[in-house]
Amino acid sequence: MVGKMAGHSHGFSSAPYRKSDPMPEGTPVVKGYDFNKGVDHNALLQSYLTTGLQATRFGLAVKQINSMIEKRMQPMATKNGEEPDPTVCPCYGSCTIFLGYTSNLISSGIRETIRYLAQHRMVDVIVTTAGGIEEDLMKCLAPSYIGDFQMSGKDLYKKGHNRNGNILLPEENYLKLNDWIMPILKQMLHEQRTQGVIWTPSKMIHRLGKEMDNPESVCYWAYKNKIPVFSPALTDGGIGDALFLFGRETPGLIVDISEDVVRINNLVLAANSTGIIILGGGVAKHHICNANSWRDGADYAVYVNTAQEFDGCDSGARPDEAVSWGKINKKAEPVKVFGDASLIFPLLVASTFAAQGNQTTSK
């Protein structure tokens, strides 16, 4: 057959190349960083916007976070002659920024990045998992260590070393947490019985931050700067274990989650605008998004995670799905960066909050 066709050719059924319509005016041209100009980390990160792929998503996330920061910095008029103080009520601030994250980030060195934001009150509300609280507190009592993803679970179990990815948390860290927290739980129960205190996860976290009194702690700075920290699944971890052991010996302590959902939803309703930054998925992500559905959605939104949406799980849901629920405003320009927050978030903070320094600090 090949030999018989050798003497003739066949024409194309259509033109081999299609005609291109002109690109809309202002469409960015793909261009990366030129290392011939030397090593300029700021310029390198700025070049991500036109690099393409997830680098461009990173650049768009920087713009989105800077937009919420700029909105937050807009001065508010005084009310009844009082100086506006967003720690009293979000209605005194131009934009209320919610930060959500999963526990693995506190296990990692991202804890120091998050602590920086809390220390300088660059965010207004925090939502995290149980591990996001207890591992912050445990690190004030004992360190975690770098291991390897391939370490044998069987061998680690024998050694009393718990593995979180390539991070090792010795079992004795939990014992130290347990010893530290038991007297606090006893005092909380006493105040419940004698003063009628209704404890909630956020009130409990506030108290733990106060009692820890350690400037390395996220919870400490949240307490110090009056940043509410919500953890609707606070019993899902070491703190839950402590509550279980305490309750076996001294039953009666009540931690009410219903009051907290009223509190976070009221914060959203009081806000003049909201921005959300969510690292990872799960309860921290959905709790923030669901609260924002009470005000027709967040005005600014950035997600950073590796989850996909094909299974319908909220962790992997793109921002546009949240728009359909009213969790992100239909006029917003949300961004999802697909990637590991341990790589991405410090660079985001370097390009936004830290770059603007004290200007982003809420007094």
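Tyrosine 101 touches Ile106, Ile114, Ile126, Val127, Thr128, Thr129, Val218, Leu279 and Ala284, leaving aside residues up to four places away in sequence. Contact here means heavy atoms within 4.5 Å. The model is predicted: local features need pLDDT of at least 70, side-chain atom pairs count only at pLDDT 80 or more, and totals for chains, interfaces and linings use all residues. Residues are numbered from 1 along each chain as its sequence is written, and side-chain values use heavy atoms, without hydrogens and water.

Tyr101 also belongs to the largest nonpolar core, which has 65 residues. Such a core is a set of buried Ala, Val, Leu, Ile, Met, Phe, Trp, Tyr and Cys residues joined through side-chain atoms within 4.5 Å. Buried means under 20% relative accessible area, exposed over 50%, partly exposed in between (1.4 Å probe, protein chains only). Tyr101, Leu185, Met204, Ile277, Phe345, Leu348 and Phe353 touch the most other members. Helix H8 (residues 171-195) gives the largest share, eight residues. Apart from this core lies another, of 19 residues, including Val125 and Ala332.

Helices (H or I, at least four residues) and strands (E, at least two) are DSSP runs, numbered from the N terminus. Thr274, Ile276 and Ile278 point one way from E7; Gly275, Ile277 and Leu279 point the other way.

E7 runs parallel to strand E1 (residues 96-101), joined by six bridges. Strands pair if DSSP finds at least two bridges between them. Leucine 99 has isoleucine 277 as its bridge partner in E7. E7 also pairs with strand E8 (residues 300-305), again parallel, over five bridges. There, isoleucine 277 stands opposite valine 302.
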